[in-house]
Amino acid sequence: LKLQQLCDLLNLQYDSKKDIDITGLNTLQDASNTEVSFLQNKKYLSELKSTHAAAVFVTKENSALVPEGSIALISDNPYVSLAYASKVFAPLVIEEDGEEAIVKENTIIQENVYLGKNTKIGKNSILMSGTYIGDNVTIGDNCIVYPNVSVYRDCQIGNDTILHSGVIIGADGFGFATDEKGKHIKIYQNGNVLIGNSVEIGANTTIDRAAFASTIIEDMVRIDNLVQIAHNCKIEYGSVITAQCGVAGSTTMGKYCVVGAQTGIAGHIEIAPFSTIYAKSGVSKSIKHPNKHWAGFPLNEHKVWLKLQAKIQKLCFPEKLLKG
Amino acid sequence: LKLQQLCDLLNLQYDSKKDIDITGLNTLQDASNTEVSFLQNKKYLSELKSTHAAAVFVTKENSALVPEGSIALISDNPYVSLAYASKVFAPLVIEEDGEEAIVKENTIIQENVYLGKNTKIGKNSILMSGTYIGDNVTIGDNCIVYPNVSVYRDCQIGNDTILHSGVIIGADGFGFATDEKGKHIKIYQNGNVLIGNSVEIGANTTIDRAAFASTIIEDMVRIDNLVQIAHNCKIEYGSVITAQCGVAGSTTMGKYCVVGAQTGIAGHIEIAPFSTIYAKSGVSKSIKHPNKHWAGFPLNEHKVWLKLQAKIQKLCFPEKLLKG
Amino acid sequence: LKLQQLCDLLNLQYDSKKDIDITGLNTLQDASNTEVSFLQNKKYLSELKSTHAAAVFVTKENSALVPEGSIALISDNPYVSLAYASKVFAPLVIEEDGEEAIVKENTIIQENVYLGKNTKIGKNSILMSGTYIGDNVTIGDNCIVYPNVSVYRDCQIGNDTILHSGVIIGADGFGFATDEKGKHIKIYQNGNVLIGNSVEIGANTTIDRAAFASTIIEDMVRIDNLVQIAHNCKIEYGSVITAQCGVAGSTTMGKYCVVGAQTGIAGHIEIAPFSTIYAKSGVSKSIKHPNKHWAGFPLNEHKVWLKLQAKIQKLCFPEKLLKG
């Protein structure tokens, strides 16, 4: 798609004489010189100045900050423009053309399994009844995909990986822009999910596809049941996430973290490797020091949280101290 | 069904000489003059006095309060009587008769999709593999129903709506009466779910059918993954509910609310429009003032919650203040 | 399998002259004299001394404590040895041989239902479209299994029980041992799930199979949507668990407990019968006294929790008291 065409579709003015082919959308930081990006939140101004994007949706106010080599696409609401543009680049829900799926030797495909176009399944794997594998998906060798799993299009799964029943890989991340009339405009989630080798994912867990690029689950990760991993998260090698935890969008969890059940982790933060987070915690800021234990909401070091709870009891019920 | 017959089935005495056709059950407030209602909790006494129900299950003690024009059906345990009556009015799990589903032009139905009787699917929609659409369901135009979705019988879904994989629409609300022997008697959930236009519902989210009447999700609502919406809730226009939230039964959320992840909202309350509720909150009472920000459990205004957390830290660790 | 062979497979030294047939693995407490057990955590030393296991994986340090009649299998990391042994005893993911499923009279099996080998379905039941029933499963009479349910192999379900859509029964418990190189080694979950009579389980709830023996849901239990019950739990007669609760592994909940939504309950504890636990609580220790009400995290008696919250407000905002 030519940038000129995109602007026409979005009713944006296009003054540049350059005739650029645009391949998609991306963040300011990650956009290549064939991708369009956007500035919505001022906290990303420094990223605007160093972006390599071909063009950037910006307000008039910020347009002067778009670096040389990148084109400012002036929009009253850049996030709304991004949302409309995301639809332009969205792939089909179901591919109309493509090769029939390839399934390697010794792999068992039970009845009522759907295999999309251009999909490849490795050897010695098992895909059980009721499972949906979308278009352009790759699944490795020695995998077990239990019944009633859904893997949306374009996702990739390594070798020796187990997906339990009801797992949903690659559903749309939760993204939309709200226009001045209060209409929520979907940001099409044109990325995918990459799952490594020797990963196990528990029943009814959901891992959303990225808005751009990939949500990543690295090798050796263990995820329990009913966990939510939002779009563009990265869960690094060997981390362990127990039941009913949620990780909001674009958060990176370092290697060998252990997260207790029902914990919530905010978006756009980083968890240092080897962090242990106790059950029911709420993590709202990055954890910078590796190898520590954390608990509570607001989060404290675990030993501090224990003291805090004891002190609260003492302050509120001093008479208990006398009684023993 | 005649009221006399219903009483015979439930072993309740029927003294009236009126011969009334009963069409179903409902709350005191909403029951019509062909419906039977019940009084279990004294806090609904005022609703008893103004009910238009044809008849009401009540204890002998409260029977004198049943208004003229309504018949008191005296029961030792009105809620247990309601539960037994709900079974009488329950529709079949699977319809035996009815028309084959109607699917309009340009709609794609993938393989292994079940379409119930008397069901209608609009045009330009996509129903993906493994999806179950029960009897008497209506789905509008331009909808996408991703793989392995379940829509129970009698539910209605508008136009331009997206249901992600694993979504369950219209499973039974969590309702039962416990008799004097400790037996839980199911209250059949004879209502349905109504979902509006331009709604998007995330993977593995569950929205229960109403006990009576409808659970309602209005137009333009956005619901993330693994959310629970209980029976008889109403989520109004444009509200946004993020991952792993739960809303208990009969709660109304006003328009354009935003609810952070892992929040729990109690049943039988009202949330004022334009409320913003931060992640991991617990909302146990109605929010009466619109357009405010809330956080914590117990709930406080967000700015108060921030102060509260800071003060707790100061009270418990005064020595930290000295250290800086 | 001979014990000698097992040791050869695990590269463990085997000095005994006894030639024992081993049928599986189990805990120190429950192992029979044809089962192998393990000691990982010193808090189970007393159970080691009284075990009836045929043999026990232990460190050299603890090997002298293995009781007479039981053989010490010395391992640098007994839990890792257990993990490797669990794979030896794991049944096939899909049985290759066996009888076709038996379905009794008046039971409706909709299209796209998978029935495993040696599986038995009682009379007057309904199994709806997209449901997977694995090998060697038993389902009783008068059951309703809604669409897109998954029941893994070897699980048993009683009479008059309802499983709502998306329920996953018998997925693997979350178990692995981590070796000295940081590799997580799966502990195959060779047990099953036993569900009693007159149970109802809500949409997208997950109940994991036991590592050894059974996860047990007794008669008359009611479980709401999106609940997680981990491996080896026992939920006793008539208990009620509302939406989005989680119960960690090996916990026993006594009869007629009521658990409010989004509560988390730790593993390896016991909840006294007739306990009521309010929503969003965190239960980290056993509840020993029956018939009490509890709330909060950390948990307090409900009335204490209410006071605590009021006192915290007073301590932090004393000026409010003056204002009224």
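Colleague: Where in chain A is Asn118(A) found?

Modeller: This is a predicted model, in which local features need pLDDT of at least 70 and side-chain atom pairs count only at pLDDT 80 or more, whereas totals for chains, interfaces and linings use all residues. Residues are numbered from 1 along each chain as its sequence is written, chains are lettered from A and ligands numbered from 1 in the order in which they are written, and side-chain values use heavy atoms, with hydrogens and water left out.

Asn118(A) lies in the loop between strand E7 (114-115) and strand E8 (120-121) of chain A; helices (H or I, at least four residues) and strands (E, at least two) are DSSP runs, numbered from the N terminus. Although not a glycine, Asn118(A) has a positive phi of about 60 degrees. Most residues other than glycine have a negative phi, and most peptide bonds are trans. The relative accessibility of Asn118(A) is 31%, so the residue counts as partly exposed, that is, between buried (under 20% relative accessible area) and exposed (over 50%), with a 1.4 Å probe and protein chains only.

Tyr256(A) also has a positive phi, of about 55 degrees, without being a glycine. This residue sits in the loop between strand E28 (252-253) and strand E29 (258-259) of chain A. With a relative accessible area of 18%, Tyr256(A) is buried.

The backbone also contains cis peptide bonds. In chain A, one joins Phe297(A) and Pro298(A), with omega about 5 degrees, and Pro298(A) belongs to the loop between strand E34 (293-295) and strand E35 (300-301). In chain B, the bond from Phe297(B) to Pro298(B) is cis, with omega near 0 degrees; Pro298(B) is in the loop between strand E34 (293-295) and strand E35 (300-301) of that chain.

Turning to the assembly, chain B gives 47 residues and chain C 42 residues to their contact, meaning heavy atoms within 4.5 Å. The area buried between these chains is about 3400 Å², and carbon and sulfur atoms give 62% of it; buried area is the accessible area (1.4 Å probe) that two parts lose on being put together, summed over both. On the chain B side, Val93(B), Phe174(B) and His184(B) lose the most area to chain C, together 19% of what that side buries. One salt bridge is found across this interface, with a side-chain nitrogen of Lys or Arg within 4 Å of a carboxyl oxygen of Asp or Glu as the criterion. Lys186(B) and Glu200(C) meet in a salt bridge at 2.7 Å, N to O.
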